[in-house]
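Thanks for coming, everyone. Let's get the structure up on the screen and walk through it together.

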Amino acid sequence: QVQLVESGGGLVQPGGSLRLSCAASVSSSIFVMYWYRQAAGKQRELVAASSSGGITNYADSVKGRFTISRDNAKNTVYLQMNSLKPEDTAVYYCNAKWSWHDVWGQGTQVTVSS
């Protein structure tokens, strides 16, 4: 069983930065990794994706501000979040897919407020 653990969330002022981490319990180099978020009362949305080959994609709302990256030695994927806006406030979830596997982390709260 693969487990994902998110960390790095918290309270930040508008314009600030956070780096979220998602640590896998096993090697994650072959996984397609995703970051989703879900704001209170809203649908879950895809924020960023990273293929095993290093191809990345981002939601239009975060392009130019967020960066997804991997550290294979640490079995960890990151989401660097810059120029944060109040509308970025949400619970952020890490997700990994490979073959038939589909694994989710527990989520980490990000709150952007002054």
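First, a term. Strands here are DSSP runs of E, at least two residues long, numbered from the N terminus. With that in hand, read the elements of the chain from the N terminus: β-β-β-β-β-β-β-β-β-β-β. That comes to 11 strands and 0 helices. One caution before we go on: this is a predicted model.

Now the overall form. How does the radius of gyration of the chain fit a compact globule? A compact globule of 114 residues would have a radius of gyration near 13 Å, and the chain has 13 Å, so the two agree. Along the principal axes, the C-alpha atoms fill a box of roughly 40 × 25 × 25 Å.

Of the 114 residues, 42% count as buried. The chain exposes about 6,100 Å², and carbon and sulfur atoms supply 48% of that. As for charge, there are 10 positive and 7 negative side chains. The centres of those two sets lie 2 Å apart.

On to the core. The largest nonpolar core has 29 residues. Which of them touch the most other members? They are Leu4, Trp35, Val47, Phe66, Leu79, Met81 and Tyr92. Several strands each supply at least two residues of this core, among them strand 3 (18–24), strand 4 (32–38), strand 5 and strand 7 (66–71). The largest share, 5 residues, comes from strand 9.

Let's look at Leu4. Set aside residues up to four places away in sequence. Leu4 then touches Cys22, Ala23 and Ala24, and also Cys94, Asn95 and Ala96. Its list also includes Val103, Trp104, Gly105 and Gln106.

Now zoom in on strand 5. It covers residues 45–50, and Ala49 lies in it. Is Ala49 buried or exposed? Its relative accessible area is 12%, and buried means under 20%, so Ala49 is buried. Beyond its neighbours within four places in sequence, Ala49 is in contact with Met33, Tyr34, Ile55, Thr56, Asn57 and Ile68. Here is a distance to keep in mind. Ala49 and Ala39 are 10 residues apart along the chain, and their C-alpha atoms are separated by 19 Å.

Ser50 is in strand 5 as well. At 3% relative accessibility, Ser50 counts as buried. Ser50 and Met33 are 17 residues apart along the chain, yet their C-alpha atoms are separated by 5.1 Å. Leaving aside neighbours within four places, Ser50 is in contact with Phe31, Val32, Met33, Ile55, Thr56, Ile68 and Arg70.

Last stop, the loops. Ser83 sits in the loop between strand 8 and strand 9. Ser83 is not a glycine, but it has a positive phi of about 50°. How accessible is Ser83? Its relative accessibility is 42%, so Ser83 counts as partly exposed.

Ser99 is in the loop between strand 9 and strand 10 (101–104). Ser99 also has a positive phi of about 50°, although it is not a glycine. At 71% relative accessibility, Ser99 is over the 50% cut-off, so it counts as exposed.

That's the tour. Questions are welcome.

Technical notes. Residues are numbered from 1 along each chain as its sequence is written. This is a predicted model: local features need pLDDT of at least 70, side-chain atom pairs count only at pLDDT 80 or more; totals for chains, interfaces and linings use all residues. Side-chain values use heavy atoms; hydrogens and water are left out. Helices (H or I, at least four residues) and strands (E, at least two) are DSSP runs, numbered from the N terminus. Buried means under 20% relative accessible area, exposed over 50%, partly exposed in between (1.4 Å probe, protein chains only). Contact means heavy atoms within 4.5 Å. The radius of gyration is taken over C-alpha atoms; the globule rule is 2.2 Å times the number of residues to the power 0.38. Accessible areas come from the Shrake-Rupley method with a 1.4 Å probe; for residues, only the protein chains shown count as cover. Lys and Arg count as positive and Asp and Glu as negative; His and the chain ends are not counted. The place of a charge is taken as NZ of Lys, CZ of Arg, CG of Asp or CD of Glu. A nonpolar core is a set of buried Ala, Val, Leu, Ile, Met, Phe, Trp, Tyr and Cys residues joined through side-chain atoms within 4.5 Å.
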